[in-house]
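Open the model in your viewer and keep the selection panel at hand. Each stop below names what to select and then what is there.

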Amino acid sequence: YHYFSTLLYAVAWGYFVWLQSAPAVVVEELQNSGVVTIPAEVGENAKKIVHSKFIPMIAAAAAILASALNFYQDVIAADSWLNGSLVLLVLRYVLLIVPTTYVVIVCILRFIVNARVFKQLLRGVKLHPLHPDNAGGLHPLGSYALKSTYPLALAGSIVALAVYWSIAQGEPFVYFYFAALAYVILAPLLFFAPLASAHSAMLGAKNDLKKKISKQFNEDYSSAYNEISGSARGLKDNLEKLEQLQKLYKIADSFPVWPFDMRTIRQFVLTMFSPIGSFMVATATDYLRGLLGL
């Protein structure tokens with residue numbers, strides 16, 4: 001139990017370190033590609049949100065409270081492996097449990113804040129429908145969403161192995177089953193949440209363009225109608241323009257509204273279901289050991 005828990009702690013710290021710089025890299029890449037222009041006022045407001053002092057304060061208070069409750073449970077638990085030494089138990093909480101709990105809560109809060117910041121920064125998004133990334137030029141954001149699921153998938157693989165171990169040992173640790181359920185819920189959320197703001201911005205920009213084309217089409221249609229009794233040349237010119245507007249509308253309708261392509265989706269699906277592979281490998285390994293008498 002403690003072995004698997006320690007591995008999960010390592011994953012949490014790795015995600016925490018990565019999250020410190022990843023969002024800033026995404027914003028820089030989007031600005032360099034010309035897809036997003038961030039006004040100075042919006043940028044400053046985003047920095048204030050990201051560097052808010054409330055996040056570490058809330059995380060610290062929640063970590064201390066949660067760790068205190070867990071510490072109480074460990075002290076009164078008869079099977080606690082550190083019950084023989086209260087000093088070792090206190091050191092474990094001070095050096096590992098409390099800091100890691102703090103890191104996990106900070107990651108959750110940062111994740112929510114980053115989604116809000118991306119929503120603000122992407123209000124002025126410019127659609128690049130023919131961009132080679134097949135995501136309207138917003139592939140850096142899709143890549144960020146995909147990479148954010150990697151640590152969770154690694155944690156899910158550890159949980160899958162822990163679930164198999166608990167079943168094989170006949171010791172059902174409810175903690176691991178809840179962790180498996182949390183993974184199934186959090187994996188899609190972690191991927192799509194930062195993309196939702198981009199989706200709204202891209203969809204809004206696409207609809208605005210379609211409305212402008214539609215408005216121009218209505219105006220030119222009225223002109224064409226008025227030319228029915230006029231010159232054939234004027235009517236022909238108006239009809240040709242209407243045909244071009246229809247083609248332009250179809251092109252605008254094909255613009256992407258999500259900042260990812262099919263390759264990113266395939267990678268996400270494989271990543272999300274990778275813990276099942278860990279469970280199957282563990283099952284096959286034990287089965288082969290049984291056949292070979294090892």
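Start with helices H2 and H5: each supplies at least two residues of the lining of the largest cavity. This is a predicted model.

**Stop 1: the cavity**

Select Val27, Leu30, Val36, Ile38, Phe118, Leu121 and Leu122, the residues that line the largest cavity. About 30 Å³ of space lies inside that cavity. What classes do the lining residues of the largest cavity divide into? Seven are nonpolar, with no polar and no charged residues. The count of cavities of 30 Å³ or more comes to one.

**Stop 2: the second largest pocket**

The space in the second largest pocket is about 500 Å³.

Show three helices next: H2 (22-33), H3 (40-50) and H5 (86-121). Each supplies at least two residues of the pocket lining. Which helix gives the most to the lining of the second largest pocket? H3 does, with six residues. Colour the pocket lining by class and you will find twelve nonpolar, five polar and three charged residues.

**Stop 3: the nonpolar core**

Nonpolar side chains tend to be buried together in soluble globular proteins. Here, the largest nonpolar core has 50 residues. Select Val36, Leu122, Leu138, Leu141, Tyr144 and Phe191, the residues with the most contacts inside that core.

Centre on Leu141. Leaving out residues up to four places away in sequence, Leu141 touches Val26, Phe118, Leu122, Pro194, Leu195, Ala198 and Pro259. Another core, of eight residues, lies apart from the largest one. To find this other core, select Ala155, Ile158, Val159 and Ala162, which are among its residues.

**Stop 4: Thr264**

Go to helix H9 (residues 262-272) and pick Thr264. Is Thr264 buried or exposed? Thr264 has a relative accessible area of 3%, so it is buried. Show its neighbours: Thr264 touches His139, Gly142, Leu146 and Phe191, again not counting residues up to four places away in sequence. Phe191 is also one of the residues with the most contacts inside the largest nonpolar core.

**Stop 5: the salt bridge**

Side chains of opposite charge can pair when their charged atoms come close. The salt bridge count for this model is one. Select Asp253 and Lys210 to see the pair; their closest N and O atoms are 2.8 Å apart. Asp253 lies in helix H8 (residues 232-253) and Lys210 in helix H7 (residues 174-226), so the pair ties together parts that are 43 residues apart in sequence.

Asp253 counts as partly exposed because its relative accessibility is 38%. Lys210 counts as buried because its value is 15%.

**Stop 6: Tyr225**

Stay with helix H7 and select Tyr225. Where does Tyr225 stand on the scale of accessibility? Tyr225 counts as exposed because its relative accessibility is 54%. Finish with a distance: draw a line between the C-alpha atoms of Tyr225 and Asn238. The two atoms are separated by 9.0 Å, and the residues are 13 apart along the chain.

Technical notes:
Residues numbered from 1 in each chain as written. Predicted model: local features only at pLDDT ≥ 70, side-chain atom pairs only at ≥ 80, totals over all residues. Heavy atoms only, no water. 1 Å grid on protein atoms, 1.4 Å probe; cavity = no way out; pocket = protein on both sides within 12 Å on 5 of 7 lines; lining within 4 Å. Points joined across faces, edges and corners; volume = space filled by probe spheres on them. Helix = DSSP H or I, 4+ residues; strand = E, 2+ residues; numbered from the N terminus. Nonpolar A, V, L, I, M, F, W, Y, C, P; charged D, E, K, R; others polar. Buried < 20%, exposed > 50% of the residue type's maximum accessible area, 1.4 Å probe, protein only. Contact = heavy atoms within 4.5 Å. Salt bridge = Lys/Arg side-chain N within 4 Å of Asp/Glu carboxyl O. Core = buried A, V, L, I, M, F, W, Y, C linked by side-chain atoms within 4.5 Å.
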